[in-house]
Amino acid sequence: MATYLLLLIISASAFSTLNADVSIDCGSSESYSSDDYSIGWVGDDLYIQHGESVELQSSKPIYQPMATLRVFTDRKKNCYNIDSEKGSKVLVRAYFFYGNYDGKSSPPKFDLHFDGNHWITVETSADQLVSYEAIYVTKTDTISVCVAQTFPNMFPFISAIEVRNLDSKMYGYSDSNRALMLRSRVAYGTEVIVRSTDDFYDRIWVPAVKGDDFTVLTSDETFIEVSLDDSPPRALFQNAFATDNTSTSIQLGTNLPTTKVPVYMNIYYSEASVLDSTQKRSLQLLVDGKINSKPFIPVYGTAGEITLYNLTANSDTTFSLAASPDSTLPPLINALEVFTVSDELTDGTNSDDVEGLVSLQDEFDVLKDWGGDPCLPSPYSWDWINCTSGSTPRVTTLYLGSFGLSGFLPDFSSMTSLEIIDLHNNSLIGSIPEFLGTLPNLKQLNLAGNDLSGTIPSSISKNKKLKLTVTDNPNLCVSGKSCKTASVDTSGSGGSSSSGGRKKSKLPVILGTTIPIFVLVWVIGGVCAVLHHKRKSEAIAAGNV
């Protein structure tokens with residue numbers, strides 16, 4: 001038995017190391033292993049650079065991953081981006097421990113998002129840990145977890161994030177276009193939390209509270225056979241709750257909301273003892289007192305499961321396990337999972353626009369810290385873009401004036417719905433890209449206050465529908481005008497120089513006047529020297545004659 005447990009711990013530890021799972025301690029810069037559950041934690045430096053890291057001060061001991069947090073006081077939303085594999089089934093957990101970090105004794109409320117979908121409105125507690133869990137199939141190769149401010153002076157924060165990869169067969173009755181939102185996951189009969197060292201997928205099973213009508217059963221079998229697709233840990237089947245008699249049913253706590261929602265439920269069971277020929281344990285699931293399943297019989301030494309789905313319920317709905325009429329033994333239960341089912345998941349912002357935005361982020365470091373879906377959920381788009389409405393929005397505006405951009409403009413021609421591009425007062429160099437004039441919906445292009453050079457592409461200069469502003473680009477040539485023109489507005493509006501009034505270097509003008517004068521003096525001096533030498537030669541020749 002001890003050898004088996006050791007191997008189980010080693011295999012779980014190897015899984016945590018080799019699998020692409022991650023546990024992020026938000027606000028921390030350290031990497032360490034948690035002694036409680038042998039979980040490897042990493043700081044959030046590689047996942048986000050925005051926000052403020054805060055270390056909690058408390059006279060009471062705090063679980064190390066909850067001892068720091070990251071708080072965000074600006075932007076509509078702030079996101080962590082975590083690499084994943086498109087189409088993989090994942091479990092994502094987010095933790096929030098306020099701990100009066102700001103000294104205001106005022107736990108904030110804010111929104112939580114994942115992959116462009118609204119998750120839940122987080123209601124933090126003064127001294128209690130709050131966590132949320134979602135299971136879903138990813139639609140891209142990136143998982144995003146975002147917090148968004150929704151109430152004035154209530155700044156969102158986050159304490160920790162965990163991502164676990166699940167087997168594709170798990171929770172197989174759920175719709176792959178929807179997420180399962182955990183409401184309850186309990187283990188009956190155990191006194192400690194069951195998770196990583198026992199559960200290969202690191203689900204957290206909380207001990208159920210024992211009522212007076214329950215008896216704790218301990219299995220006579222030390223090795224339970226578990227061949228279920230949902231892969232519950234064997235540790236769940238070592239203990240169970242049973243009622244005292246066949247006439248008493250087991251009422252299942254669901255923690256469902258007050259409004260009716262779609263639910264998904266897993267009930268796990270296993271017979272605890274070898275029964276003789278006179279004994280029989282047969283169970284039925286009842287919903288609001290009505291039989292909802294055929295009778296099922298727990299098998300000794302083997303894990304069993306019944307799944308309930310395609311049903312709506314709320315906190316008033318009752319779920320219970322009762323003994324069948326022919327059962328001689330009372331009902332039992334080992335574990336329970338309760339989920340609500342989300343709305344259909346979004347496919348995210350149009351992929352062509354995402355491609356163009358990624359090109360901008362690759363070129364300009366100042367943009368790299370913007371994560372999550374660019375447009376969704378509405379109205380929490382990135383601060384420097386505007387988007388259309390709809391399930392697959394398009395980006396219509398880039399507001400990147402005075403953004404500290406430096407370098408060449410990359411190709412973002414895939415963003416064909418752009419109507420306004422504002423890039424004024426940056427440090428852009430090189431020529432104006434030809435593709436800007438081919439964007440079919442572009443109406444305004446502001447490139448003022450940069451260091452662009454060359455000529456304006458004909459696709460732009462001949463576009464009568466486009467208002468172009470290129471003032472304060474001293475090295476930019478405008479068709480039909482001198483290249484020395486330092487301020488030009490081709491929109492015909494006579495525009496003014498960009499905000500900031502940047503001073504341009506006079507070095508090219510100085511060199512342009514000094515170098516030709518120097519050359520002219522050198523040429524004149526050379527001619528005089530030649531003429532002098534010629535006259536001197538003629539004088540010497542005349543003297544000889």
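**Close-up views of strand pairs, cores and salt bridges**

**View 1. Val287 stands opposite Phe319 of strand β23.** The model shown here and in the other views is predicted. Val287 belongs to strand β20, residues 283-287, which runs antiparallel to β23 (residues 319-323) and is joined to it by five bridges. β20 is mostly covered, with five of its five residues buried. Leu283, Leu285 and Val287 point one way from the strand, while Gln284 and Leu286 point the other way.

**View 2. A hairpin joins β20 and β21.** Strand β21 (residues 290-291) runs antiparallel to β20, with two bridges between them. Lys290 is the bridge partner of Val287 in β21. Two residues lie between the strands, and Asp288 takes a positive phi near 55°.

**View 3. Three strands form an open sheet in the order β16-β17-β24.** The pairing is antiparallel. β16 (214-218) and β24 (332-333) are the edge strands, each pairing on one side only. Between β16 and β17 (residues 239-243) there are five bridges, and Leu217 stands opposite Ala240 in β17.

**View 4. The largest nonpolar core has 43 residues.** Phe96, Leu112, Tyr136, Ile158 and Ile161 touch the most other members. The strand giving the most to this core is β7 (residues 89-96), with five residues. Beyond its neighbours within four places in sequence, Ile161 is in contact with residues including Val22, Ile24, Trp41, Tyr80, Arg93 and Val145. Another core, of 36 residues, lies apart from this one; among its members are Val395, Leu405, Leu442 and Leu452.

**View 5. Asp326 and Lys280 form a salt bridge.** Their closest N and O atoms are 2.5 Å apart. The pair links distant parts of the chain, 46 residues apart: Asp326 is in the loop between β23 and β24, and Lys280 is in the loop between β19 (261-269) and β20. Asp326 is partly exposed, with a relative accessible area of 43%, and Lys280 is partly exposed at 29%.

**View 6. Further salt bridges include the pairs Arg178 with Asp175 and Lys368 with Asp365.** The side chains of Arg178 and Asp175 meet at 3.5 Å, N to O. Arg178 is partly exposed at 29% relative accessible area, as is Asp175 at 38%. For Lys368 and Asp365, the closest N and O atoms are 3.0 Å apart. Lys368 counts as partly exposed at 47% relative accessibility, whereas Asp365 counts as exposed at 59%.

**View 7. A network of salt bridges links Arg93, Glu133, Glu162, Arg164, Arg185, Arg195, Asp202 and Glu337.** Arg93 is also in contact with Ile161. The whole structure holds 18 salt bridges.

Methods:
Residues are numbered from 1 along each chain as its sequence is written. This is a predicted model: local features need pLDDT of at least 70, side-chain atom pairs count only at pLDDT 80 or more; totals for chains, interfaces and linings use all residues. Side-chain values use heavy atoms; hydrogens and water are left out. Buried means under 20% relative accessible area, exposed over 50%, partly exposed in between (1.4 Å probe, protein chains only). Helices (H or I, at least four residues) and strands (E, at least two) are DSSP runs, numbered from the N terminus. Two strands pair if DSSP finds at least two bridges between them. A nonpolar core is a set of buried Ala, Val, Leu, Ile, Met, Phe, Trp, Tyr and Cys residues joined through side-chain atoms within 4.5 Å. Contact means heavy atoms within 4.5 Å. A salt bridge is a side-chain nitrogen of Lys or Arg within 4 Å of a carboxyl oxygen of Asp or Glu.
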